[in-house]
Amino acid sequence: MTDRIAPLASRPAWKALQQHADTLRPQHLRDIFQADPSRGSRFTAQACGLFLDYSKNRITDETLKLLIELAHQSGLRERAEAMFTGKKINTTENRAVLHVALRAPRSESILVDGEDVVPGVHQVLDKMAAFAEQIRSGAWLGYTGKPIRNIVNIGIGGSDLGPVMAYEALRHYSRRDLNFRFVSNVDGTDFAEAVRDFHPEETLFLVASKTFTTLETMTNAHSARAWTLGRLKQTEAIARHFAAISTNAEAVTKFGIDTANMFGFWDWVGGRYSMDSAIGLSTMIAIGPENFRSLLEGFHAMDVHFRTAPLEKNLPALLGLLTVWYTNFFHAQTVAILPYEQYLKRFPAYLQQLTMESNGKHVTLDGTEVQADTGPIYWGEPGTNGQHSFYQLIHQGTRLIPCDFIGFYKSINPLGRHHDMLMANVFAQAEALAFGKTAAEVRAEGVPEPLVPHKVFAGNRPSNILLAERLTPYTLGTLVALYEHSVFTQGAIWSIDSFDQWGVELGKVLAQRILGEIESPSEPSLAHDTSTSNLVRLYRSQR
């Protein structure tokens with residue numbers, strides 16, 4: 001499929017976009033809106049309960065036409081269909097990319113190497129549901145006969161960020177008589193604080209590691225094991241206080257976990273795409289199997305939309321193409337994710353891994369250097385907190401920072417005027433970013449001349465607004481899948497492999513080597529650069 005796709009810089013639409021950007025770059029959104037009175041209603045799209053207003057972007061109908069043409073010339077549709085049908089589009093690891101199978105209905109069939117993977121997915125989901133119900137009902141008892149009250153998820157990367165984000169996002173729907181904590185950092189403080197007020201008799205650990213060898217995860221898991229046995233003494237207790245999300249039955253058994261409480265997943269699920277697999281076991285325990293199924297339904301609805309909707313009304317494709325537009329033609333280096341919903345406070349952090357681990361690549365699928373910048377930096381905080389922090393730079397700084405505002409028509413926790421005030425800020429911030437305030441407008445307010453330059457807002461700063469009725473498990477599923485497929489769209493344009501992550505390996509390998517040197521009983525022979533060698537010696541002398 002990739003053989004017949006021309007290199008990025010030689011695609012006709014890419015060349016046309018370069019010329020088009022030169023003519024559009026000097027234009028201001030004030031003038032663009034004035035010239036197109038219907039723009040605010042035309043540049044919108046909706047699907048799966050989400051409404052997208054992308055009218056405040058520095059684009060015209062011609063921009064959209066050229067971006068969609070670029071998507072066609074880049075094989076976006078063909079590559080997406082290859083993903084949905086189980087082709088091995090993760091070429092560097094020779095794997096299929098099938099997070100979409102994790103939320104496929106039982107009635108669907110998706111083949112990988114001739115095998116339908118959907119029945120296996122639902123077998124794991126059913127097993128998760130049975131286990132979750134045992135915990136939630138109190139039927140599952142710890143070693144001393146007490147019901148479980150505390151659940152600690154031990155993982156890292158996608159085995160942590162997804163569960164943490166989902167728990168915080170869906171806390172309203174969670175069981176409040178159960179306590180949930182998440183341990184990922186190998187820093188001992190993370191584990192110590194997570195269990196400080198817990199009792200082993202009432203605590204269940206979920207150890208999430210596909211191979212059961214991940215260094216940080218297993219270091220924390222062994223600390224959890226020692227903490228449990230410090231109180232319960234008998235190794236038989238481990239089977240009542242640990243479950244594994246893994247495929248390594250031998251290592252799980254050796255640890256002391258009953259493989260009946262081992263929940264598997266597949267090599268066609270990348271860690272950052274795994275929150276709706278067995279990695280979501282803590283989420284299912286928190287919100288219950290029914291709500292978890294609703295979460296999966298939201299994912300699947302957006303999958304179907306991305307696969308079938310025309311690109312000009314396709315929410316993930318539009319977001320992805322706009323990101324390419326600003327990254328490659330306006331030299332924007334970041335994207336701000338600004339959810340005006342406190343429950344989504346961890347959503348920007350979750351998207352950091354999803355987007356930056358996926359598209360932080362410097363070579364194309366065939367191993368040649370990319371011909372354009374890839375993988376913008378995603379970051380953000382919930383509103384209105386950020387308005388009193390970094391919005392100053394977005395409004396009046398020298399960098400162009402496209403923003404995604406996420407809001408809801410209805411609050412989960414209505415309280416007086418709070419939600420109206422919150423949403424007024426969403427609309428006001430997007431308006432201020434787009435249109436700013438001119439020097440003449442500032443002067444008209446009677447501002448002294450020396451202060452006029454300081455109170456001018458240049459405007460012309462792009463944003464999207466995403467709206468939904470309220471934050472539910474279904475809505476969260478649609479939002480996550482929206483950004484998953486936006487990432488996919490970007491990767492298809494850049495002809496990169498969005499599903500490997502070789503960049504995380506080198507530091508881990510070097511850390512293992514340095515750890516051996518740090519723990520060596522005798523003075524090690526160090527062959528690093530002089531800075532690293534000196535740092536190791538200093539640490540050894542002071543630890």
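The following legends accompany an overall view and several close-up views of a predicted model of one protein chain.

**Figure 1. Overall fold of the protein chain.** The predicted chain is built from 22 helices and 13 strands. Its radius of gyration is 25 Å, close to the 24 Å that the globule rule gives for 543 residues, so the chain is as compact as a globular protein of that length. The C-alpha trace extends over about 75 × 60 × 60 Å along its principal axes. Of the contacts between residues at least 6 apart in sequence, 73% join residues at least 24 apart.

**Figure 2. Surface and charge of the protein chain.** Buried residues account for 54% of the 543 residues. The chain carries 52 positive and 57 negative side chains, and the centres of these two sets are 3 Å apart.

**Figure 3. The largest nonpolar core.** In soluble globular proteins, nonpolar side chains tend to be buried together. In this model, the largest nonpolar core contains 130 residues. The residues with the most contacts inside this core are Phe-131, Trp-268, Ile-285, Trp-325, Phe-347, Leu-476 and Tyr-483. Helix α20 (residues 473-494) contributes the largest share of the core, eleven residues. A second, separate core has 21 residues, among them Val-152, Val-195, Ala-244 and Ile-257.

**Figure 4. Surroundings of Tyr-483.** Leaving aside residues up to four places away in sequence, Tyr-483 touches Leu-319, Ile-337, Phe-347, Leu-351, Leu-354, Asp-404, Ile-406 and Leu-466. One of these partners, Phe-347, is itself listed with Tyr-483 among the residues that have the most contacts inside the largest core.

**Figure 5. The cis peptide bond between Gly-383 and Thr-384.** The bond from Gly-383 to Thr-384 is cis, and its omega is near 10 degrees. Thr-384 lies in the loop between β11 (377-379) and α16 (391-396).

**Figure 6. His-331, a non-glycine residue with positive phi.** Although His-331 is not a glycine, its phi is positive, at about 60 degrees. His-331 is placed in the loop between α14 (315-329) and β10 (334-339). Its relative accessibility is 60%, so His-331 counts as exposed, the cut-off being over 50%.

**Figure 7. Ser-495, a non-glycine residue with positive phi.** Ser-495 has a positive phi near 55 degrees and is a residue other than glycine. Ser-495 belongs to the loop between α20 and α21 (505-519). Ser-495 is buried because its relative accessible area is 17%, where buried means under 20%.

Notes
Residues numbered from 1 in each chain as written. Predicted model: local features only at pLDDT ≥ 70, side-chain atom pairs only at ≥ 80, totals over all residues. Heavy atoms only, no water. Helix = DSSP H or I, 4+ residues; strand = E, 2+ residues; numbered from the N terminus. Rg over C-alpha atoms; globule rule 2.2 N^0.38 Å. Buried < 20%, exposed > 50% of the residue type's maximum accessible area, 1.4 Å probe, protein only. Contact = heavy atoms within 4.5 Å. Lys, Arg positive; Asp, Glu negative; His and termini not counted. Charge placed at Lys NZ, Arg CZ, Asp CG, Glu CD. Core = buried A, V, L, I, M, F, W, Y, C linked by side-chain atoms within 4.5 Å.
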